[in-house]
Amino acid sequence: MAEELKKVDVVIVGTGWAGGITAAELAKKGYKVVALERGKEQSRDDFIGAKDELKYSIRYDMMQDLSKDTVTARGSMEETAKPVRNNNYARFGNDTGGASVHWNGVSLRWLPYDFEIHSQTVEKYGAKKIPENCTIQDWGVTYDEMEPYYDKFEKTAGVSGEENPVGPPRSDKYPNPPLKTTPSIELFKKASTNLGYHPYRLPAANMSESYTNPDGETINACMYCAFCEEYGCDFGAKGDPIVTVLETARKTGNFEIRNESTVTEVIHDGTKAIGLKYIDNITGTEYIQPADIVVLAGFVFTNNKLLLKSKIGKPYNPETQEGVIGKNFTGHFSNISTYIGARGFFDNEKWNLSMGTGALGAKVDDFAGDNVDHTDLDFLHGYEIRYYHLGQRPIDNNHVPEGTPAWGKEYKEKNLFYHNRSLIIRAKTAFLPNRYTYLDLDPTYKDEFGDPLIRATVHYEEQDIKRAQHGVETCKEIMTEMGADIIDLVDVPDDVKFDSKFYTNHFLGGAIMGEDPVTSAVNTYSQMWDMENLFVLGGSSFPHNSNHDPTETIGAFAYRASEGMIEYLGGEGGLLVEAKQTSKA
Amino acid sequence: MAENNTPKTESHDPGRRNFLKNTGLVVGGVAGGSLLGGLFTNQMKSDDGKKGKNEDAVKVDPSHARVFFGRFEDFIVLATATELIFPEDDNGPGAIGLDVPYFIDKQLAGTWGINGDDYRQAPFTNLEGLKKIEKADEKVNHSRANRGKIFLEGLRLMNGESMKRFDASFDQATEEQQNEIMGDLAAGKLDMKSIPSDAFFALLKQATLEGAFSDPLYGGNKNMDGWRMKEFAGARPSYADVIESEEFVKLDPISLTDYQRKK
């Protein structure tokens, strides 16, 4: 029997940006908040001197312990899914602060087109432009409505950046100026400009100068030490939940994090959530934490698993296309959305590539979203081109030109010679949802408690492949202009299939937002249509994947959801948004 | 390098000569006598790098002992194979000089060797299924055998193949012969039970690079020479003053031992 604890105002699953922002906003208003975090407690002290590539980038010390829980994956409904067994294929965040601690800090707003993707596409190109299996839908909110929340997130996280020349309108400039630049960043920008594109510096939650955010939290200036992505910051110089929102929440005295607490179920009575059931990882004791508001702010797989296991919402069925939970799973998949592009080898240049920070670099948004006319293109949405200077570490970077022997003297010679003489520019592409890409429960594999693992079925449609190939071509064009002596493409073959690799933390959907309860799980305040005191936050609420990274949009929606929760707790309950029927009956 | 096939047991170091004699070790191929001998004679050197006058003055490097590999002959195949992948040259030491074999031995004895952080519930994927997987590391991940068992099978297979083809153990074969076996391994042409052999080549190469370039605390990257060759400066606290430089800035590497001592 689970032990029932004293009721609190708010109980949250997870302590990343989504959970952390919610905790800070609600605790500041005087509500008692408890966050349940399955990973260990960690603080800045854990990261001092943590410049260990083998431990963090190769053995993935900060990532989820897959021996206890993982996902299964397959490239189509016809295949039998295999479990994702090693962290090289699943870099899911864990421990206090979650993935938001070891993130790069790339902080991007999504586009007006993203939020109204269906209606804008139909209006501009006609309904026939949308491929048959593509399940894009409007989010129920506009960019203009989201702008204040974006601004708030950027100020909390201390984003360093400059105006995007082809970006959406902003109410204010970034709170910090751009990071320092380097010769290779300038080379990328010059080449892109020569070709008529509009490069700008990557907006970064790495501080260009010491900064104090509106909550009074100080974030130190970045040291460019190169141990950023996949690492906790040695210097408290990265905008992450530990140095910002979790600290803000802690100072109120209204907030408690319970680490080593694995939530296994949402307890509910069919119409309202009662609380969360969890297991103390150390003792094995089961508890129920009741609350007025229950918030799921775990990673996309955690949120979907808890909804499916707790039988909340109607599971999605790809055959009938009925149901919602698990629908429109998308992401930045490695071999089609992220690790594609052009690598250039330069015989007569040598750069300081071992230096850098997580979001140091520049990008080109000319092909982002609907920024170019898609009338004659065989895909919707787009991609951005990116050059990173994140600090090239030596185990992970052993690049030699194609045709070099795989071992021996020549291999070693070229490996060493090109270490500071090769650059990669990448296309980061959108991935649009289709009816055959979804989440459900695996029929075979179980987690440590005997519950089914989440199964991800990821089917690439033709337009996703075409979009990616277009992106690689643009990378090649820019790398050629940059003057590389040898260019090797990381290409996208016509028959590319999902490789079961979850290498970014950019995985989205399954409990998507919208205006209509028939086609969405939550409203734009992340409030569950079927259960008014259950809020499901984070990437799981995104109906599709943009070419832009999701973190800032997760943060912006967490601010919006927090506003909704405060209104809900202060009022008489009920839905914060009236449901609309947009779907065909 | 065929001339290296000639056993090189001559040495002015009595400790080493006795060791080689006692084990019946004769070495050829890429690693050659002096390099492989170095695996065992390092512990005969005193702290300042010079050989001790007598064994009483010997400064033993306690990290130079095997923990995973019971059989010396498995370890010598590993050492030879890693040196073949990352050989000593004008740039600096190869895998053996960087203590890569000891690094791999330690890694296999720990969590990594038993896939302790991985999801390990059955059913696993059989050999036919593994061959259909595209990425080499995924073939390893989905095998029922853990990395320790894969390494033992792979190294013994390489040695057995060398005995069969050349009537010489892998470490005694000529460099050309060693390369022939490594080529077949990398092409997936050698039959292993646990994984396709191309995946073992990828695993061996990855482990070699890890040993060459990880922090010295793990027992490889001896003297940070792996980093020096890559012109990587290790665990330096800050590049804020130099990152904007137009010129390449060469800096002495800092290890975590140095870094943490300063804190």
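A: Two strands pair if DSSP finds at least two bridges between them. Keep in mind that this is a predicted model.

Q: Fine. In strand 17 of chain A, which residue is the bridge partner of R343(A)?

A: I424(A) is the bridge partner of R343(A). Strand 14 and strand 17 of chain A run antiparallel and are joined by five bridges.

Q: And what joins strand 14 to strand 20 of chain A?

A: Five bridges, again with the strands antiparallel. G344(A), for example, stands opposite I487(A) in strand 20 of chain A.

Q: Is strand 14 of chain A mostly covered or open?

A: Mostly covered: five of its five residues are buried.

Q: Zooming out, what's the strand order in the sheet?

A: The order is 6-15-16-17-14-20 in chain A, an open sheet of six strands with antiparallel pairing. Strand 6 (199-201) and strand 20 (486-490) of chain A each have a single partner strand, so one side of each lacks a neighbour in the sheet. From one strand to the next, the twist averages 25 degrees.

Q: How many bridges join strand 6 to strand 15 of chain A?

A: Three, and the two strands run antiparallel. P199(A) has V364(A) in strand 15 of chain A as its bridge partner.

Q: Switching to helices: which strands does helix 6 of chain A lie across?

A: Helix 6 (residues 183-194) lies across strands 6, 15, 16 and 17 of chain A, at about 10 degrees to strand 15.

Q: And helix 11 of chain A, which strands is that touching?

A: Helix 11 (residues 462-482) packs on the sheet and touches strands 14, 16, 17 and 20 of chain A. Its direction makes about 150 degrees with that of strand 17 of chain A.

Note on methods. Residues numbered from 1 in each chain as written. Chains lettered and ligands numbered in written order. Predicted model: local features only at pLDDT ≥ 70, side-chain atom pairs only at ≥ 80, totals over all residues. Helix = DSSP H or I, 4+ residues; strand = E, 2+ residues; numbered from the N terminus. Axes fitted to C-alpha atoms, helices over the stretch in contact; angles between N-to-C directions. Contact = placed C-beta atoms within 7 Å. Buried ≥ 20, exposed ≤ 12 C-beta atoms within 10 Å, placed from the backbone.
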